[in-house]
Amino acid sequence: MQYRINFRSLIGIVFFLLGSLYTSSPLLAQGNNSISGFVQDQSRTPIPQATVELNDDLNREIARTTTDGGGRYNFYRLRLGRYSIRVSVLGSNLAEQTIELEIASAARSSTSSETVQQNFILRNKNFDPQAPRQVTSVVFAQEVPAEAKKRYEQGLDDLKANRMDRGISELEAAITLFPKYYLALERLGDEYIAKQKYKEAIGAFLTALEVNPKAVGSHYGLAYGLYQLNAHNEALVEVDKALELNSTSVNALFLRGMVLKQIGRYEDAVKSLIKARSKASSPMPDVAWQLSLIYTNNLKKYAGAADELELFLKAKPDYAEAEKVRDLIKKLRAKTRA
């Protein structure tokens, strides 16, 4: 009986510390949720050292970070609620971008967690339509009616010039003229994802895959949209298809780990997250964080949780609540010895 009382006391300490790691702000306290993603330019090149601000529903800044060498950012220990994220790159010609989102999980236990993946594609502040266009490699050949192609290219020009709504309208017009326009469908799906129109994105990616079943980006985009709508089993099918076509995709491996976590396949989730880290070109603190949560909350592998938190601190040496994380590591080590 005495052993069981001590065990529960230690677990209480673990969850208390987990609930206060990120910040003392009331908005962020007592949450296991996180937001992460990539910041890229319009050619899909990662942007390092971009400033990423997290604001609450009253537009008050509550956290700030910068992207790593791979363009990735992350915020941890978030409560349920509405947020806005503003991304900017000082001294560049890239326009800042703000996206609003909500972390909302119905009928979940207090120890569950939600991970929101929100990517950003920053556009140039000014776009010269007379400037030479960057030529990308052709991944899928398709005969396209001239008018549809014209509307598609106009849509790309609008998107590059940060005329987002107009660009999306042009892509939609191109697809109306040619409903099986693969490039337009996949790009439209990406833009719908950026606007959190997940149902519309799913429709675009499904049609794109009817035309080109081997489109890795469409399988991944479809999986991501399904994940955001909590269709986790369907998302797993699609992310596995993406990995069959590109087994080294860090994004797909990370997403697969998060999907597996949501459906309760924790050991498999761990394997996928570890593989994502092994394929990444730079440290991934969000992988370490998610693994520490799984080890602590789901698998009760406290030594593994402590190891991951140490990796987390190594990847984020300037983390504001580093001392609290170190305290938690000590408690986890003590629990392991006990």
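How are α9 and α10 oriented to each other, roughly parallel or roughly antiparallel?

A: Happy to walk through it, with the reminder that this is a predicted model. Two packed helices are described by the angle between their axes and the distance between the axes. Here the axes of α9 (residues 266-279) and α10 (residues 285-299) come within 10 Å and cross at roughly 165°. Angles over 145 degrees count as roughly antiparallel, and α9 and α10 are therefore roughly antiparallel to each other. The crossing in which α9 passes α10 is left-handed. On the α9 side, the contact is made by Tyr266, Glu267, Ala269, Val270, Leu273, Ile274 and Arg277. Their counterparts on α10 are Val287, Ala288, Gln290, Leu291, Ile294, Tyr295, Asn298 and Leu299.

Staying with α10, this helix also holds aspartate 286. That aspartate is buried, at a relative accessible area of 2%. If neighbours within four places in sequence are left aside, aspartate 286 is in contact with Ser36, Arg72, Asn74, Tyr76 and Phe254.

Helix α5 (residues 198-211) has 14 residues and spans 20 Å from its first C-alpha to its last, close to the 20 Å expected at 1.5 Å a residue. Its buried residues are Tyr198, Ala201, Ile202, Ala204, Phe205, Ala208 and Leu209. They lie on the same side of α5, because they cover an arc of only 165° around the axis. The face turned away from that buried side carries the exposed residues Lys199 and Glu210. The packing partners of the buried residues of α5 are α4 (182-194), α6 (216-228) and α7 (232-245).

Helix α6 has 13 residues and reaches 18 Å from end to end by C-alpha, close to the 18 Å expected at 1.5 Å a residue. Eleven of its 13 residues are buried, so α6 is largely enclosed by the rest of the structure. Among those buried residues are His219, Tyr220, Leu222, Tyr224 and Tyr227. The cover over the buried residues of α6 includes β7 (115-117), α4, α5, α7 and α8 (250-262). Just after α6, asparagine 230 takes a positive phi of about 65°.

Of its 338 residues, 52% count as buried. Among contacts with a separation of 6 or more, 62% are between residues 24 or more positions apart.

Methods. Residues are numbered from 1 along each chain as its sequence is written. This is a predicted model: local features need pLDDT of at least 70, side-chain atom pairs count only at pLDDT 80 or more; totals for chains, interfaces and linings use all residues. Side-chain values use heavy atoms; hydrogens and water are left out. Helices (H or I, at least four residues) and strands (E, at least two) are DSSP runs, numbered from the N terminus. The expected span of a helix is 1.5 Å times one less than its number of residues. Buried means under 20% relative accessible area, exposed over 50%, partly exposed in between (1.4 Å probe, protein chains only). The arc is that of the directions from the helix axis to the C-beta atoms. Contact means heavy atoms within 4.5 Å. Axes are lines fitted to C-alpha atoms, for helices over the stretch in contact, and angles run from 0 to 180 degrees between N-to-C directions. Angles under 35 degrees count as roughly parallel, over 145 as roughly antiparallel, 65 to 115 as roughly perpendicular and the rest as oblique. A crossing is left-handed if the near helix is turned anticlockwise from the far one by less than a right angle, and right-handed if clockwise.
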